[in-house]
Each structure stands twice: as structure tokens, then as C-alpha cells.
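Have the model open as you read.

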Amino acid sequence: MRAARVHRWGSVPVIEEVPDPVAKPGESIVRIAAAPVGHFDLSVARGEHRPGPPLPYVPGTDGAGQVLASQVYEPGTSVRIRGGGLGLRRDGTWAEQAVVPDDALEPVPAGVDAATAAGFAVPASAAWTALHHVGRLQPGERVAVTGAAGAVGSLTVQLAGRAGAAKVFGIVSRSDKSRAVPPGAVVIVGRGPGVTERLRDESGGIDLLVDTVGGPQLPELLPAMSPGGRVVLVGYTAGRSVTLDLPTLMDVDVSLLPLNLFRLPARTQTAAATVLGLIQDGDLDLPMTRFGLDELASAVESLARGETVGRVVVLPTPGRHSVPVADGGGYDQTAA
């Protein structure tokens, strides 16, 4: 089979021919139909999580596909993969096949395509939990979301509108991502004082900011917050550290609330199931950019540079050569 393997920390995965996997008792072999490419996967591949998997290894912590061999599931059963140490302590899902612990498999509901099954859980859990459990969104409040063209940001924008937010502002880094922000949101492009002033003027003060990107934009946005507002810290793709002016923070009286999904496993599972149901019913859209296995290096580079829209998913179908396409939702059918 073909697999993407990392040979040294920080290097680009290489597509190679490797032996077909062999399962042990308590494991199943799954033909991978789709596997997300996420910032966490890139962090592991850079050697930032110790102990990491033994080199060389196959990244990919999530996925979906069909069972080839198992003592628990019938061959052909559609399953999604979550956990089990894949991509962390053992080879992961960026391959045509993977060996998966049986308890890391879950049958896919009827009607859910493989890319959605593989990619929905993390952004769905993060968006719902950030809004409802950590951010405690109330109807009539004003919400801003950074990274609003991304998977988490896009779902957060949509869920905030469904929850009765008075106004939702979607902040994106570049103008070419504007069309990927879901309808109903006020789109704001860029960063800096101009963005902060516009946000403050058009909102009258933000009650809840869901920051999916982190970095220097966070302290810049604090003056646009209402007194007593909340900031939910979801990600840090734009920077791992910030410098806060304490007088400003104390003056605006804003709470900084980190999102840690590992501390909320029960709520995370419930949130993911709720959002998946809304996606199935057509009430929510999860945008995706899909790549073939041969384009995995491009997928990694595009994700790292912030050029992709929505969830990035690789399709390891044998012999597949694809052009990256962002899909999902009527608001954007092209790659940004």
C-alpha cells in the first residue's frame, strides 16, 4: 500500500510503498477513504509532542473508511477513527490502510460521506463547546469570530446565528477568504487598529469573541470588547504567544477563557453528535478542501500558510490524483 511517512521531525511527509498492515487481537484493518490534515498533526510531525511516535511514522489522528478485517465489525462496515494513539504513538491514517484499535472505531451513520465522517468531530466539538459551554453565549449578544473561513470558525459563525446572536462578525486575514464566510455574518478583513475600530463602531461592543487563530491580533481586538465580555481561546495558528497590556485588559474587564476539549469528553461527544445531526439535515455546512494522497505535501504547506478553506482532508484512494477543491455550502464552491 501507499502511505505518507515522516522520516525526521519537521520534514515533509513522503509518499512511499510500504507493506500492508497486519492486525493483532483487538485491532481492525481499515481501508482509509478520508483523513483530516490538521494543525495538531503538523505539530506532532514537527516533534513538538513528546514522546512522539517512532520514526519513520505515518501521521494522521482521525479518519474514516471501510473495515477490511476485524473480529468486531463486518467487512465493508463504514467506520470513523478517533483516538487509539494513531498518529501519536503508532502509525496513523495518512495511508491507504491503517491498523486501528477496535475501541477507536465507531460506525458511521447512514448518509454521511467519508470526508464528513473523518473531519467533522474536532471542529464541531470546538465550535459548539466554545460557544455554549465555555463562552456561555446568550441570545441577543454580539459575537466576533477570528478565522471565520476555517472549519471551526465557519461552524462557530453558523452556530452563533442559530443561537440567536444579535450580530455575528466574521474576521478573516485576506480578502480572498471573504466569500468563504457563511452568509449572515458581517465580514471584516485584515487586522490592526482599523479592524478594531470598525468592529467597535459597527457592534457597539463585542460580548463574545471566539479566537480560533491566536497571535498578535488578540490583544488588538480587546478594545472592541464590551465591559464584562468573554474571549474564548480556541487556537494559535497565527502565533503561540501574545503580549497583553494589563491596564487595557483591566479597563475593558474581559475574561480570557481557554478551550480544552480533553477536559470535557462527555460534552465534546454530545456536541459532535449534535452538530453532525445539523450537518446531515442541511442546517449547517462544514466547508472542506480535499486533496489526493499525491497532493499531501501541498495540503500540508497550504494549511501551514493559512491558504486553505475549512477542513483539509486527504483522500488516500489508490491511484487518485486530484485538484484541491473546497466544497460544502452554497457560499463557496472554489478553493481559496
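Helix 4 is largely enclosed by the rest of the structure, because 10 of its 12 residues are buried (under 20% relative accessible area, with exposed meaning over 50% and partly exposed in between; 1.4 Å probe, protein chains only). Keep in mind that this is a predicted model, where local features need pLDDT of at least 70, side-chain atom pairs count only at pLDDT 80 or more, and totals for chains, interfaces and linings use all residues. Residues are numbered from 1 along each chain as its sequence is written, and side-chain values use heavy atoms, leaving out hydrogens and water.

The helix covers residues 151-162 and reaches 17 Å from its first C-alpha to its last, close to the expected 16 Å (1.5 Å times one less than its number of residues). Among its buried residues are Ala151, Leu155 and Leu159. Just past helix 4, Gly164 has a positive phi of about 95°.

Zooming out, the chain has nine helices and 16 strands (DSSP runs: H or I of at least four residues, E of at least two, numbered from the N terminus). Some whole-chain values:

| Property of the protein chain | Value |
|---|---|
| Buried share of the 336 residues | 53% |

What share of contacts between residues at least 6 apart in sequence join residues at least 24 apart? That's 70%, with contact meaning heavy atoms within 4.5 Å.
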